[in-house]
Number of protein chains: 4
Amino acid sequence: MSTGLWLVGARGSVATTAVVGALAVRAGLAARNGLVTESPAFAEAGLPPLEGFVFGGHDVTAMPLAKRAEALGQAGVVPRHLPAVLADELDQVDARIRPGGRQEGETQAEHAARLAADIRSFAQASGVDRVVVVNVASTEPPAEPHPAHASLDALETALEQGATVLPTSSLYAYAALQAGSAFVDFTPSTGARLPALDELARRERLPYAGSDGKTGETLVKSTLAPMFQTRELHVQSWVGMNILGGGDGATLADPHASLSKTRSKGRSVAETLGYEVVAPVHIDNVPDMGEWKTAWDHIAFEGFLGVRMTMQFTWQGCDSALAAPLVLDLARLAARAAQAGESGPLPALGFFFKDPVASSEHRLATQYDVLVAWARDLAGRSA
Amino acid sequence: MSTGLWLVGARGSVATTAVVGALAVRAGLAARNGLVTESPAFAEAGLPPLEGFVFGGHDVTAMPLAKRAEALGQAGVVPRHLPAVLADELDQVDARIRPGGRQEGETQAEHAARLAADIRSFAQASGVDRVVVVNVASTEPPAEPHPAHASLDALETALEQGATVLPTSSLYAYAALQAGSAFVDFTPSTGARLPALDELARRERLPYAGSDGKTGETLVKSTLAPMFQTRELHVQSWVGMNILGGGDGATLADPHASLSKTRSKGRSVAETLGYEVVAPVHIDNVPDMGEWKTAWDHIAFEGFLGVRMTMQFTWQGCDSALAAPLVLDLARLAARAAQAGESGPLPALGFFFKDPVASSEHRLATQYDVLVAWARDLAGRSA
Amino acid sequence: MSTGLWLVGARGSVATTAVVGALAVRAGLAARNGLVTESPAFAEAGLPPLEGFVFGGHDVTAMPLAKRAEALGQAGVVPRHLPAVLADELDQVDARIRPGGRQEGETQAEHAARLAADIRSFAQASGVDRVVVVNVASTEPPAEPHPAHASLDALETALEQGATVLPTSSLYAYAALQAGSAFVDFTPSTGARLPALDELARRERLPYAGSDGKTGETLVKSTLAPMFQTRELHVQSWVGMNILGGGDGATLADPHASLSKTRSKGRSVAETLGYEVVAPVHIDNVPDMGEWKTAWDHIAFEGFLGVRMTMQFTWQGCDSALAAPLVLDLARLAARAAQAGESGPLPALGFFFKDPVASSEHRLATQYDVLVAWARDLAGRSA
Amino acid sequence: MSTGLWLVGARGSVATTAVVGALAVRAGLAARNGLVTESPAFAEAGLPPLEGFVFGGHDVTAMPLAKRAEALGQAGVVPRHLPAVLADELDQVDARIRPGGRQEGETQAEHAARLAADIRSFAQASGVDRVVVVNVASTEPPAEPHPAHASLDALETALEQGATVLPTSSLYAYAALQAGSAFVDFTPSTGARLPALDELARRERLPYAGSDGKTGETLVKSTLAPMFQTRELHVQSWVGMNILGGGDGATLADPHASLSKTRSKGRSVAETLGYEVVAPVHIDNVPDMGEWKTAWDHIAFEGFLGVRMTMQFTWQGCDSALAAPLVLDLARLAARAAQAGESGPLPALGFFFKDPVASSEHRLATQYDVLVAWARDLAGRSA
């Protein structure tokens, strides 16, 4: 099965790293570290191989992919020598990236139609069996509620009347579903999580997944919180501090945009523990951090007879290097889910997300068990 | 079901904290924080309630339990006011503590017989339905192998001949099993883990469990290692540094004794990940730490395309406060296992141990699932 | 020389700890840890001994000092047994605490006159040679500028006309100086740092000092920054995160009030290094921290050939225990300065402050050298 | 003034980084970060400019300097592109590196004579005014005492008789002094610190300095310890844990060799504080750390009324990048000292060392003041 991976934000750090990585792995230039679906647990699930992927996408910037890759090589996100080695193939991908932003005079309906047409053209031109759209664009602020979100009818009526009712991430989700593609939201944005889009996905028999890739601090939180829970150690407070640079840092320096992120980051602890915890999360833009992120968490908890103890951790990660393989994993899994006839939200993919759709399960180990069980189930279904 | 909990090392910090805590919980003076078996998952398992426990034990020191409790109150291990409130009940427990050490002129066989007689007298005098022996004495150095360990026959022959062949912890295990009691080893010592003692346990239809309570650094390790594993992040090194004071610190300052501990601590990471990792573990005796322990771990790992990242954590815990409720949990679980007719090692209790008997599963969440499934199974069995 | 120490915020944690500590030291119940002026370097400076201090103060709450001390004993800020031992003496101090808040119908001039009268009465009743007023009340928001601050004439005219022109901390400074007392501001509030009050201090030949006691994170910053500076290691960013509870935590949870604090904390790094640094500082109110504060700092710096390196530190301190001895030190030093005829700001006391008056020197070691040199100079002056 | 810098261990990481850096700075390809003597405080001291340096040295390996530099570029110790740009100049330096090890059949006297001859030839061939020898070879185990160390006479007699009496580092120091060069020991080895060599240095009117460059954990220790001291905060324990890879890690994995290092690292805290402190230091060889070192320190201290508090820090540094500029600084300073007629130990250079000769001052800020005062004094002396 050949698969198209259409990346929204195709020239960003995460997308570029995913493309460079997939090309490198395919060429035997890199190991498969960080790719969850390359473990033996997924060998029988009928996932499309990375080797058969074709890449394209939307973006609002014009910097060529090969140049972006070069910069990521300088920053230590990808091996320094790879971008030059892969320059030709990166140029080919670059040629399949279309302008994503709204053009002057375009209604939102026209914008969506153009985006969907781009995805359909990509599918036809590349001859792939199926396309998965993954949103790796910048975080957007929390969406304003609108009556047109309530049903597909209401949404389509509003769009036909020329109204602007969808946040950008949802517009891409709408276009993806219109073009017959599964949609995965790797950001904390709204994406497909509106009743109208859920309805569309089910009507079109397409699956969707999200939101907000779990790559660093929250990954650790969702690993540690069950330890406190199963040991009956009562967490009193869990403070998180994140410093990061890069484009992500700049976006999140805007308190309005970062609100989506801190909300998404804040949910897992209380939901896992089953009680409210003082759990402030800060995100600071520190430009010299570049593509790297450091998180410091301080956890205070009460043990037997009320004795107070603490744990701290520092996580020093490269977000794009953590996110990129998950994007490839999700593309493989969503493509297979679509092929197997699943439609609507995919709660079994909660392992990958800070804020999983259709699931309130945040415990990482349990999420992994659910994922593996689902993969085992897929193994028995028609390819 | 009333249960006797016989503590080897009954005047040590862990035992004293367990007794103070059980008495306080029973009297409504403290919450049930830290007690794993008080969570709803164990409500139907038919575990003997803490309220019905009677405490006794062996020790080699003479300091009265109430005085030891007073010192733990000063050190912040138990609430300052509790020891005075519980002084009478602590004195009653103290009256049931027997001298544990070998007496002049005693052969090891005679020593064992005396210990077993102490346990039997306790059972009769207190009228409990069943006794569980839990070893919370100091860590002993790794045992010298001896041919008499190979079978119960060989062991009994050697003992009859007046030989000294068992490490102390195993002598207590032997006495416990002879006295008809389940045995739990909360230390990294040999305990019941000799073929001869396994044979005895099976013959007497008694269960045993161990070794080395998982309370701090290793608890976190066994929680975090699966995260790296399921995310396919390749751990390159995992360095651990522990500083602690108290009696435990003094014992572990002896490199020979600490060897049991560092071996026990070192196993979980490589066994979980499935490959060898540079994973040195240090333990330093820092007397001013008192009953408190600080562990610092540094983990280096390789992600997608070989990008190197790190995680560090600092754990600041009170070992006795972490261990004591687990001792009570284990006593409840082992008593119930004995009642339900289980004999030999109890791998389902691996959740509590650094080095679980009859199991190479170290992943905390999986261990918890196994434990809960076992508890559910117990629920269906005769009380 | 007997000295009166008049504490603004006399029932707060810092003041209570200072009083308990001074009484305990005097009674031989505690060592002189944390008291800078008890080191041999100050032995010849003619400082008034702690033994001769009499305590009083203003506060807006009514909780008796002995009860406040009891709570601090429970929280581990002072030894548990001390408050009971010192109860009588604490009650005597409590009897000398006067209500500080503005009363209904009072103009600011009347309020100041009442506060000054309280201080004068205290001086007469206790028969001390000299009174020093130290402000340890809650942090107040940055003051609004007002034309009446520009000169003593302007200020007195405005007050006579019934206007309210001074922030609370400055009102206390005004009252202190009117009553013939030296004034020390241990908070980041405005205090005596207005041209009008500087003029008053000089006219009355009284010294003043401040602001904002340097007790934790900033203490470490002012120690480490010179290391980077003298080694020519270029600091790129210095991020600080503080979590604390208690009354201080609650006050600083108000972003307006915390602005004074974060401003005060942010200055030292750039002023020491001589260039601008990205140096965000956060303060979070985490109630379960109680009287304890944890700070995490992350410093990124560039070495030879632009190699990027990092340092992190975690400081886990008890603010009141760190601040209280400095309050006593400052009272001794300010009393001696007044006796020796110094008037106006005391830049030699910068060692104690985050934001020293009349000094832009933040390097701790240099500040100490300046302090010791000044103490040596005092030694030669008439007592 | 043109100066020759003769490096013992000229192909090691520190030496290679120093040479690459000096060449890069000279060519305007890099900033002067990390070079202490480039700050304005040293502008008038008459130090020889980096621009006039000629490099040579001894080593026991044959790997060309340009290749070593290439590897350091890959490891992120020097900018990736620099080694290629500077390849020709590196080859020129490489051509001036002589085999350092003892040859078969050579007595120690003959070995020393050969080494001295190498240095003299270098001086003549390069036409420099003066040569400084800096030892940056691997750490050697603590030296065995020998009667021949007691005086120059005894030493020369023993050498003439064909005896082997000097540890390697001291042999190089002997050769350097014989060749008329100042000697600086950047390692914790014995170097010039023997009465016999001190006598030789004074006779030849040559200065020497050392030992053990203060680049990381100890740098921070010597910065922080005075903070605790001047604030009268009583340090109870100071635990240090170091993990590192590279050649240094491999050398220090040998407990005998690491003894010199841990001794050198352990001294500063107690000497600064003036009392004994529990201060264990560990060094672990963790090969995946490569050229990078991480140190974790845990400091427990007692404040006012005995309240216990803690501080932790993590230092993540690149040792070669920290050491290399100090080597250049020391060469400039030692050359100027020799020119100005100083002979014997140079205590004013203690700022650079963990274990300074002829000084027990470890406080970094004070060491800096001493250094700057000495530089100011040099300014007034003949060039």
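How many bridges join strand β1 (residues 3–8) of chain C to strand β2 (residues 53–59) of chain C? I found six, with the two strands running parallel; strands here are DSSP runs of E of at least two residues, helices are runs of H or I of at least four, both numbered from the N terminus, and two strands pair if DSSP finds at least two bridges between them. In β2(C), C:Gly56 is the bridge partner of C:Trp6.

I noted that this is a predicted model, in which local features need pLDDT of at least 70 and side-chain atom pairs count only at pLDDT 80 or more, while totals for chains, interfaces and linings use all residues. Residues are numbered from 1 along each chain as its sequence is written, chains are lettered from A and ligands numbered from 1 in the order in which they are written, and side-chain values use heavy atoms, with hydrogens and water left out.

I then followed the sheet of chain C, which is open, has seven strands in the order β3-β2-β1-β4-β5-β6-β11, and pairs in parallel. Because β3 (97–99) and β11 (344–345) of chain C each have a single partner strand, one side of each is left without a neighbour in the sheet.

Next I turned to chains A and B, where 59 residues of chain B are in contact (heavy atoms within 4.5 Å) with 60 residues of chain A. The two chains bury about 4,500 Å² between them, 66% of it on carbon and sulfur atoms, this area being the accessible area (1.4 Å probe) lost on being put together, summed over both parts. B:Arg231, B:Phe304 and B:Leu305 supply 21% of what chain B buries against chain A, more than any other three residues. I counted zero salt bridges between these chains, a salt bridge being a side-chain nitrogen of Lys or Arg within 4 Å of a carboxyl oxygen of Asp or Glu. Strand β10 (residues 308–318) of chain A pairs with β10(B) in the antiparallel sense over seven bridges, and B:Thr310 is the bridge partner of A:Gln316 there.

Finally, I looked up salt bridges over all chains and found 59. One of them joins D:Arg68 and D:Glu291 at 4.0 Å, N to O, linking helix α2 (residues 65–74) of chain D to the loop between β8 (281–285) and β9 (292–302), 223 residues apart. D:Arg68 is buried at 18% relative accessible area, and D:Glu291 is buried at 17%, where buried means under 20%, exposed over 50% and partly exposed in between (1.4 Å probe, protein chains only).
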